[in-house]
Amino acid sequence: MDFDPDFYLNYYKDLRLAGIKTDKEALQHYTTYGKKEGRYANSKQINPHINYNNFNANDLVKPSSLIMGVIVGTFFSITFVLIFGKSK
């Protein structure tokens with residue numbers, strides 16, 4: 001097992017809220033509870049191409065942006081059909 005305490009504590013925010021702060025406490029939690037709960041011991045178990053220690057949810061696309069994209073795309077599709085007619 002390749003346990004990464006920094007990943008474990010950063011990825012599972014509930015652990016710090018529960019008072020688990022040290023590498024030793026993180027490892028103890030993983031071996032006692034985390035493994036049984038299906039928690040990941042390191043980021044490579046999820047996706048080897050993402051560094052979850054520096055993960056920032058603000059970097060993700062906001063749902064409002066996705067909704068606006070759907071609305072704009074739908075508008076242009078309807079406009080195209082109205083101008084050029086349906087394709088056969």
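User: Which residues does Phe3 touch, not counting residues up to four places away in sequence?

Analyst: The model is predicted, and contacts are taken as heavy atoms within 4.5 Å. With residues up to four places away in sequence left out, the partners of Phe3 are Tyr8, Asp23, Ala26, Leu27, Tyr30 and Ala41.

User: Which residues make up the largest nonpolar core, and which helices each supply at least two of its residues?

Analyst: This core has 9 residues in all: Phe3, Tyr8, Leu9, Tyr12, Leu15, Ile20, Ala26, Tyr30 and Ala41. At least two of the core residues come from each of two helices, H1 (5-11) and H3.

User: How many helices and strands does the protein chain have?

Analyst: Read from the N terminus, the elements follow the order α-α-α-α. The secondary structure therefore comes to 4 helices and 0 strands.

User: Which helix has the lowest mean pLDDT, and which the highest?

Analyst: For the protein chain, the mean pLDDT is 80, with 67% of the residues at 70 or more. Among the elements, the highest mean, 96, belongs to helix H3 (residues 23-37), and the lowest, 70, to helix H4 (residues 63-84).

User: Is Asn42 buried or exposed?

Analyst: Asn42 is placed in the loop between H3 and H4. Its relative accessibility is 8%, and the cut-off for a buried residue is under 20%. Asn42 therefore counts as buried.

User: Which backbone nitrogens does the side chain of Asn42 reach?

Analyst: Apart from residues up to four places away in sequence, Asn42 touches Asp2, Asp4 and Phe7. Its side chain also reaches two backbone nitrogens, one at 3.0 Å and one at 3.2 Å. These belong to Lys44 and Gln45, respectively.

User: How many salt bridges does a search of the whole structure find, and which residues are linked in a network?

Analyst: The search finds 2 salt bridges. In one, the side chains of Asp14 and Arg39 meet at 2.9 Å, N to O. In the other, the closest N and O atoms of Arg39 and Glu37 are 2.6 Å apart. The residues linked in the network are Asp14, Glu37 and Arg39.

User: How many residues apart in sequence are the parts that the salt bridge of Asp14 and Arg39 ties together?

Analyst: The side chains of Asp14 and Arg39 form a salt bridge. Asp14 lies in helix H2 (residues 13-17), whereas Arg39 lies in the loop between H3 and H4, so the parts tied together are apart in sequence by 25 residues.

User: Among Asp14, Glu37 and Arg39, which counts as buried?

Analyst: The relative accessible area of Asp14 is 38%, which makes this residue partly exposed. Glu37, at 48%, is also partly exposed.

User: What share of the residues in the protein chain is buried?

Analyst: The accessible surface of the chain comes to about 7,100 Å², and carbon and sulfur atoms account for 60% of this area. Of the 88 residues in the chain, the buried share is 19%.

Notes
Residues are numbered from 1 along each chain as its sequence is written. Side-chain values use heavy atoms; hydrogens and water are left out. pLDDT is the predictor's confidence in each residue, from 0 to 100. A nonpolar core is a set of buried Ala, Val, Leu, Ile, Met, Phe, Trp, Tyr and Cys residues joined through side-chain atoms within 4.5 Å. Buried means under 20% relative accessible area, exposed over 50%, partly exposed in between (1.4 Å probe, protein chains only). A polar contact is a pair of N or O atoms within 3.5 Å; within protein, one must be able to donate a hydrogen and the other to accept it, and residues adjacent in sequence count only if both atoms are side-chain atoms. Accessible areas come from the Shrake-Rupley method with a 1.4 Å probe; for residues, only the protein chains shown count as cover. A salt bridge is a side-chain nitrogen of Lys or Arg within 4 Å of a carboxyl oxygen of Asp or Glu.
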